[in-house]
Amino acid sequence: MTEEKVRDSNLTVLREISHAVVHETNIEMLLNNVLDVLNLRMGMLRGTFTLRQGDVFRIEASQGLDESEKQRGAYALGEGITGHVAETGKPHLIPDISKDNRFLNRTGSRKMDGLTAFICVPIIHLEQVIGTLSIDRKVDKDTDLEQDMRVLEIIGNITAGAVYLRRQEYEEREKLLDENRKLRSMLKGDSGELVGNCRAMRQVYELIKQVAPSDATCLIRGSSGTGKELVARAIVRLSNRKDKPFVTLNCAALPENLVESELFGHEKGAFTGAVSRRIGRAESADGGTLFLDEIGDLSPSTQVKLLRFIQERTFSRVGSNEELKANVRFLAATSRNLEELMMQHKFREDLYYRLNIFPIVMPDLAKRRSDIILLAEHFIEKHNLRYGKSVKRLSTPAINMLMSYHWPGNVRELENCIERAVLTATDDCIHSYNLPPSLQTGQESGTELLPEGKADFNTLLDSYSRELIVESLKRNNGNMSAAARDLGISPRVIHYQIGKLGITPAWYDQNDSE
C-alpha cells in the first residue's frame, strides 16, 4: 500500500471517529462506535476501552472478548499490560502476540491467518490517564504498526475530551437529580409535593429545614397558588409534632361572624343556630399544629382574640367564660400585603409582629421559570395515574407556550392547564392544541408563528430553525455547546441563531440553579 493510500486511510478513520464522537452523547455507545470504525477500517480483531474509576480501570466497551474476559471487568493500576499503560501513561506495542506468554488464552487470535499484533494506548485528559484503548489487529507485509500506534494515540486524545465532557455532564446531572430527589423525598406530602430546583426554591427548602424542628411561629407569604399550604405541611412533616393533629382554617372562606366560632368553638345556645357545643379548630389542634390560611382577612375583633391566644395559649369558646388552654404551634399564610393593611389600620401591628417571627416567601411561578417544565412533568405523572393515561412528554410548541406565559395563577394554574392537557391528549405527547385557549393565542404566549397570517420563505425557514434548535436544547438540558454538536453546527452559528430567533436556552435547563 502506498504512503498516500495509508494517509488517506488514516484520515478516513479519524474523520469517521470524530463524527462518532461528536454525534453521540451516551459514553458506552460512543466507545462502541469507535470500536466499530476500528473493526471496519483497521482490521481490528478484538478491542477494549477501559475507563478509570478510582484506582481501577473498568471495561466500558469491548468487541471480540470471550466470557471469562468480560466477567473480569476491570484492571488495577500496574496489573497486566493494560494496567501498566494506565500507570505509566505510555503506549505499548507487541508485534506478535503468539510469542508472548501473556496471550496464551487468546485461542481465537491463534486461528487467524498471519500474525496478530497487540496495541494499547492511554486515554489522557489534562495530563491524567482516564482510560485505555487496546486492540488486537491482523498484521501483513504492508502493516506499519508504529504508525497504527500513533493513529490510536490520536484516537485516544479525540476520545478523551469527549468522554471527559460526557462524564462531567452525566455526573453533574446525576448530582442535581439526586439532590432534587432527596429534597422531594424529604418534603413529600399526601396531597402533593413541593417541586423545584431553582435558587429561590432551594432557599425555601433551607428555611423549612431550619424552622421545622422548633416551635417558632412561621408566616408564609406569597401570591395565591404558589403552594403556601404545601410549605406548611412540609414544616409539620419535619417537626416533632408530625404525628400530632394538623388542623387548617381558611380565614377567607368563612363569613366574618363564623370565623371566631370556627376557630375557638362555641357553647350550645351561644347564637342562633348553635344547637350544641362545638369544639373549635384551636382545641382540635391541641398538641399539634394550627395553620391559619389567608390570615390577612381576619376581622379586627377576631385579631384581638387570636393575639391573646398566641401570647397566652388560652382562649374561650363563644358563649362561655371558661378559660381553656391548648398547646399548639402556629403557622400562618397570607397573599395580602400586611404592611399596607397595617397602614390602613385593618391589621393589628402587635399581631403582625407575633406572627412574623420566621417569614418564608414563596416566589411567583413567573420568577422561577426554570422550574416550569419540572413542575409540568410532575403534574403529567400525577394526572396520568389519576386518569389512567400514558402521556410521556411535551411537544416543543407546548413548551414554548408554557415558558412564555405569565402565569397569574401561579403553580395552581399550571396544574389546571396540565390536567386539562392530559385529559385531552390522544397520544403520548401534549401538543399546543391540548393547552387552554389563553396559552394558545400567539400574541399572548409569544409563540405567534406567522404574523398576520402571512408565510413568506424566511419566516418558515426561521420557524423550522427554531424548532430544530429548541428540540436539541431540550435533549441537552439547555447546553448550547452540546446542542451545537448535536446539530452538527459550530458554537458560533448556534449562538447567532439563538440571538436572532430570541431563544432562551435557560428555559430548557431543568437543572438550572437560578
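**Notes on the predicted model**

1. L126 sits in the loop between β5 (115-125) and β6 (128-139); strands here are DSSP runs of E with at least two residues, and helices are runs of H or I with at least four, numbered from the N terminus. Although L126 is not a glycine, its phi is positive, about 55°.

2. A word on what you are looking at: this is a predicted model, where local features need pLDDT of at least 70, side-chain atom pairs count only at pLDDT 80 or more, and totals for chains, interfaces and linings use all residues. Residues are numbered from 1 along each chain as its sequence is written, and side-chain values use heavy atoms, with hydrogens and water left out.

3. Now the overall picture. The protein chain has 21 helices and 17 strands, and 47% of its 514 residues count as buried. Take the contacts (heavy atoms within 4.5 Å) between residues at least 6 apart in sequence: 66% of them join residues at least 24 apart.

4. E294 also has a positive phi without being a glycine, near 50°. Is E294 buried or exposed? With a relative accessible area of 12%, E294 is buried. Its place is in the loop between β11 (289-293) and α11.

5. A333 counts as buried because its relative accessibility is 0%. Setting aside neighbours within four places in sequence, A333 is in contact with L219, I220, K228, F291, L292, D293, E294 and I295. From A333 to C218 the C-alpha to C-alpha distance is 8.4 Å, while the two are 115 residues apart in sequence.

6. Next, the rings. The structure holds 7 aromatic pairs, meaning rings of Phe, Tyr and Trp (its six-membered ring) with centres within 6.5 Å; planes under 30 degrees apart are stacked, over 60 edge-to-face and the rest tilted. F264 and F309 make an edge-to-face pair, because their ring centres are 5.8 Å apart and their planes stand at 80°. F264 is in helix α9 (residues 256-264) and F309 in helix α11 (residues 300-312), so this pair ties together parts that are 45 residues apart in sequence. F264 and F309 are buried.

7. F264 also pairs with F315, this time stacked, at 5.7 Å centre to centre with 25° between the planes. Since F315 belongs to strand β12 (residues 314-315) and F264 to helix α9, the pair ties together parts that are 51 residues apart in sequence. F315 is buried, as is F264. Ring pairs link F264, F309, F315 and F330 into a cluster.

8. Last, the largest pocket. On a 1 Å grid over the protein atoms alone, a pocket is an open set of points where a 1.4 Å probe fits, with protein on both sides within 12 Å along at least five of seven lines; lining residues have an atom within 4 Å of a point. This pocket has 30 lining residues, with R166, E169, Y170, E171 and R173 nearest its centre. Elements giving two or more residues to the lining are α2 (27-41), β1 (44-53), α6 (145-186), α19 (457-475) and α20 (480-487). Which of them gives the largest share? That is α6, with 11 residues.

Key. Buried < 20%, exposed > 50% of the residue type's maximum accessible area, 1.4 Å probe, protein only.
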